[in-house]
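Here is a friendly walk through one protein chain. Take a moment to look at the sequence and the picture before reading on.

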Amino acid sequence: MGRMLSFLFVFLFCMSVTLAITPHTVTFTGNLESDFVSDEWVYSDSSTDSAWGAFDELYKLYLTWDSLTLYLGVDGKRVENETIDIWLAGGGSSNVVNLQTVTLNKRFTTTSWHPEWAIHDDNTMVTLAGLYADGEFTWFDCSLGSLTTYSNKSGILEVAIPWGYLGLTPNHKLQCAVTISGPLWGGCDAIPAQNPEPNGDGEADELSNWLQIQVADSNGIPLVGISPSGIQSVPVELSSFQAD
Ligand SMILES: [Ca+2]
Ligand SMILES: [Ca+2]
Ligand SMILES: [Ca+2]
């Protein structure tokens, strides 16, 4: 009997681990807690650190992947006209330096960190969640199905991005940050914690930290058996990635 219980315990333990590691194919419903599993809840942001008080807040970031797709989920709160942006980098060349100067007109500067992609969700445009790459000024039409999203005006955003868009390299380290802001304004909250934090005024805010996790093996193949909760917050600094 004791041995049976031991087997049962090991079986249940393995099941719980299996559910929490990559690969995981996510189907979006807008319910982040059921779409993702606990180990994919990679960042808990303060619910009271917005410079705009109770109006615009980021709460949580979820992240996971399967062999073809990266999945991201943002839990927050926003009022009308505000935007959530997910900044992604890693592996390739990049030149998104100052988002004031491009069509998003975001007053976030990234003088050291140069994200390659911005997923821009502006709830004034109900169905829009664009994938923006600096230098191309291209909005990918999410209705094409190659970039799938779920978004609602209260602050939930889920995005599925094919690895083919992002371009995996050997030992690829994915870097990301999330901001919430006015459409033509500085930000009021960010994931991960920044130094200094976005102050909510109309002037530019600098991203000083990103989240980083290795997503590919030495052959550029998405890693299996990874708990995304192992993601790390890393200060922005010059690196081999940025020296391109
Ligand atoms: Ca927050
Ligand atoms: Ca924050
Ligand atoms: Ca500011």
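Two residues are in contact if their C-beta atoms, placed from the backbone, lie within 7 Å. Keep that in mind while reading, and remember that this is a predicted model.

**The chain as a whole**

The chain has 244 residues, and 41% of them are buried. Its secondary structure consists of three helices and 15 strands. Contacts also tell us about how the chain folds back on itself: of those between residues at least 6 apart in sequence, 61% join residues at least 24 apart.

How confident is the predictor? The average pLDDT of the chain is 76, and 67% of the residues score at least 70. Residues 93–103 have a pLDDT below 50, and this stretch has 27 contacts in the model beyond near neighbours in sequence. Over residues 238–244 the pLDDT is also below 50, and there the model shows six contacts beyond near neighbours in sequence.

**The nonpolar core**

Which residues have the most contacts inside the largest nonpolar core? They are I86, A177 and V178, in a core of 46 residues.

Start with P198, which sits in the loop between β12 (187–191) and β13 (205–206). Is P198 buried or exposed? A residue needs 20 or more other C-beta atoms within 10 Å to be buried; P198 counts as buried because it has 24 C-beta neighbours inside 10 Å. Beyond four places in sequence, P198 is in contact with A51, T179, G186, G187, C188, D189, A190 and D205.

Now move to I84, which belongs to strand β4 (residues 83–89). I84 is buried, since 25 other C-beta atoms lie within 10 Å. Not counting residues up to four places away in sequence, I84 touches V74, G76, R78, D121, L157, V178 and I180. One of these, V178, is also among the residues with the most contacts inside the largest nonpolar core.

| Pair | Separation in sequence | C-alpha to C-alpha distance |
|---|---|---|
| P198 and G187 | 11 residues | 5.4 Å |
| I84 and V74 | 10 residues | 8.6 Å |

Key:
Residues are numbered from 1 along each chain as its sequence is written. Chains are lettered from A and ligands numbered from 1 in the order in which they are written. This is a predicted model: local features need pLDDT of at least 70, side-chain atom pairs count only at pLDDT 80 or more; totals for chains, interfaces and linings use all residues. A nonpolar core is a set of buried Ala, Val, Leu, Ile, Met, Phe, Trp, Tyr and Cys residues joined through C-beta atoms within 7 Å. A residue is buried if 20 or more other C-beta atoms lie within 10 Å of its own, exposed if 12 or fewer, and partly exposed in between; C-beta atoms are placed from the backbone. Helices (H or I, at least four residues) and strands (E, at least two) are DSSP runs, numbered from the N terminus. pLDDT is the predictor's confidence in each residue, from 0 to 100.
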